[in-house]
Structure formats: C-alpha cells, structure tokens
Amino acid sequence: NDHAYNMRAAARLKKRPMGLVMRIADFESIVLDLKTALRLNENNFAAFTNLGRAYADQRMYRDSIEQFNRALKISDDYSYALYRRACARVGLGGELDRKEKLL
C-alpha cells in the first residue's frame, strides 16, 4: 500500500546525515518509492512532503517547493511541509520572485 512505500522512503531519508547529497542510486530509489506511493494514493500529503525533502536534500529547491505546495493543497496546516518549504526557500536564497514568496 501507499503507506509502506512512503515509510520505506522516509526511513532511508532519515538514515543519512543532514547536508550531504545522496548518491544518485539512493535518490532514484527513494523517488521511485514516493512516486509509487502517490500513484496509489494521490492524497498522501506525507509522501509529497517526503518527495519534497528528497529534492531539497539534492539541492533541487524549486522541485522541492513544488512538492511541498502540493502537500499543503491537501493538508494546508501540515506543519512539517510548511517548515521544509521554508527551508527550501532559504536554500534558494534570492532566486524567488515576489509571487513565489507569497505561496
């Protein structure tokens, strides 16, 4: 089920040290699990958030913000997605335009 794929990916995300970019094979495996979870349940806001975290950990901040926004469309008060989106925005630095800052 979608929960199993999401939890397996989340466990692998938590296992690695913060700030280090993961190997491509690990990243692709995590993304595959999360996309499978989302294919099984398109309302799994935790899977969108974990996908955003995987992108952010690879310094793919725009992609991560998109996933956090998708999670927040499903559950607008999910504090972890709000926090991780803010972290991704910090990673982007001055690259955000005015419209994106308002999201």
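The buried residues of helix 3 are Ala-47, Phe-48, Thr-49, Asn-50, Leu-51, Gly-52, Arg-53, Ala-54, Tyr-55, Ala-56 and Asp-57. Buried means under 20% relative accessible area, exposed means over 50%, and partly exposed lies in between (1.4 Å probe, protein chains only). This is a predicted model, where local features need pLDDT of at least 70, side-chain atom pairs count only at pLDDT 80 or more, and totals for chains, interfaces and linings use all residues. Residues are numbered from 1 along each chain as its sequence is written, and side-chain values use heavy atoms, leaving out hydrogens and water.

**Helix 3 and its cover**

Helices are DSSP runs (H or I, at least four residues), numbered from the N terminus. Eleven of the 13 residues of helix 3 are buried, so helix 3 is largely enclosed by the rest of the structure. Its cover includes helix 1, helix 2 (24-40), helix 4 (61-74) and helix 5 (79-92).

**Packing against helix 1**

Two packed helices are described by the angle between their axes and the distance between the axes. Helix 1 (residues 2-15) and helix 3 (residues 45-57) pack at about 30 degrees, with axes 10 Å apart. That makes helix 1 roughly parallel to helix 3. Angles under 35 degrees count as roughly parallel, over 145 as roughly antiparallel, 65 to 115 as roughly perpendicular and the rest as oblique. Axes are lines fitted to C-alpha atoms, for helices over the stretch in contact, and angles run from 0 to 180 degrees between N-to-C directions.

Helix 1 contributes Asn-6, Ala-10, Leu-13 and Lys-14 to the contact, and helix 3 contributes Ala-46, Ala-47, Asn-50, Arg-53, Ala-54 and Asp-57. Contact means heavy atoms within 4.5 Å. The residues of this contact divide into five nonpolar, two polar and three charged. Here Ala, Val, Leu, Ile, Met, Phe, Trp, Tyr, Cys and Pro count as nonpolar, Asp, Glu, Lys and Arg as charged, and the others, Gly among them, as polar.

Asn-50 sits in helix 3. Gln-58 lies in the loop between helix 3 and helix 4. The table leaves out touching residues up to four places away in sequence.

| Residue | Relative accessible area | Touches |
|---|---|---|
| Asn-50 | 11% | Asn-6, Ala-10, Leu-13, Leu-34 |
| Gln-58 | 13% | Val-21, Met-22, Phe-27 |

Asn-50 and Tyr-80 are 30 residues apart in sequence and 9.8 Å apart in space, C-alpha to C-alpha. Just after helix 3, Arg-59 takes a positive phi of about 65 degrees.

Methods:
Helix = DSSP H or I, 4+ residues; strand = E, 2+ residues; numbered from the N terminus.
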